[in-house]
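Welcome, and thank you for opening the viewer.

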Amino acid sequence: MILLLFLALGLWGCAGKNNDVEKPNTVDETSSNDRERVADIEGFIIDKTEKSITVVWNVPEKDLSLSKREILELAMPNASIVSYSDTSDFTIGDHVAIWTTGTYLESYPSQSTATTIQLIEK
């Protein structure tokens, strides 16, 4: 009987301890404020479709007047095709900051999906 009493008191005392454990910070990519994080990609748009843009970085601005193929050769491996829900606000030559889901296909140019694209300058 005394053993059952100690067992019951021990279990009752441990029941509330998990509520005090601090949970690690998690980021929900679709609802977080991306501007609080550093952009995953920052570069210049060299091509665009209705749902994607091709961005390069570490390429001198003077070389951005070359053909897409020539720019991609100069930029290698610093290029990415980024899918986005609507690219109508952007034009070729825009300087942009891009936050992605963090998943990249290992191709050239790499491929990813943007959660936010911010225009830096036209």
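Helices (H or I, at least four residues) and strands (E, at least two) are DSSP runs, numbered from the N terminus. This is a predicted model, in which local features need pLDDT of at least 70 and side-chain atom pairs count only at pLDDT 80 or more, while totals for chains, interfaces and linings use all residues. Residues are numbered from 1 along each chain as its sequence is written, and side-chain values use heavy atoms, with hydrogens and water left out.

**Stop 1: a loop residue**

Select Asn58, which sits in the loop between β2 and α2. Its phi is positive, about 60°, although Asn58 is not a glycine. Most residues other than glycine have a negative phi, and most peptide bonds are trans. Is Asn58 buried or exposed? Here buried means under 20% relative accessible area and exposed over 50%, with partly exposed in between (1.4 Å probe, protein chains only). Asn58 is exposed, at a relative accessible area of 65%.

**Stop 2: helix α2**

Now select residues 68–75, which form helix α2, and find Ile71, Leu72 and Ala75, which are buried. These three residues cover an arc of only 100° around the axis, so they are on the same side of α2. (The arc is that of the directions from the helix axis to the C-beta atoms.) Turn to the other side of α2 and you will find Arg69 and Glu73, both exposed. What covers the buried residues of α2? The cover includes β1 (41–48), β2 (52–56) and β3, with contact meaning heavy atoms within 4.5 Å.

**Stop 3: two cis bonds**

Move on to Pro77, in the loop between α2 and β3. The peptide bond leading from Met76 to Pro77 is cis, with omega near 5°. For another cis peptide bond, select Tyr108 and Pro109, where omega is about -5°. Pro109 belongs to the loop between β4 and β5.

**Stop 4: the strands**

Select β4 (residues 95–105) together with β5: these strands run antiparallel and are joined by 8 bridges. Two strands pair if DSSP finds at least two bridges between them. A hairpin of 4 residues connects β4 to β5. Look for Leu105, whose bridge partner in β5 is Gln111, and for Tyr104, which is partnered with Ser112 in β5.

Strand β3 (residues 79–83) and β5 (residues 110–121) run parallel, with 4 bridges between them. Gly43 has Val96 as its bridge partner in β4.

**Stop 5: the cores**

Finally, show the side chains of Ile41, Ile45, Ile53, Val55, Val82, Phe90, Val96, Ile98, Ala114 and Ile117, the 10 residues of the largest nonpolar core. Strands β1, β2, β4 and β5 each supply at least two residues of this core. A nonpolar core is a set of buried Ala, Val, Leu, Ile, Met, Phe, Trp, Tyr and Cys residues joined through side-chain atoms within 4.5 Å. In soluble globular proteins, nonpolar side chains tend to be buried together.

Centre on Ile53: leaving aside neighbours within four places in sequence, its contacts include Ile45, Asp47, Ser80, Val82 and Ile98. A second, separate core has 7 residues, among them Ile46, Val56, Val59 and Leu72.
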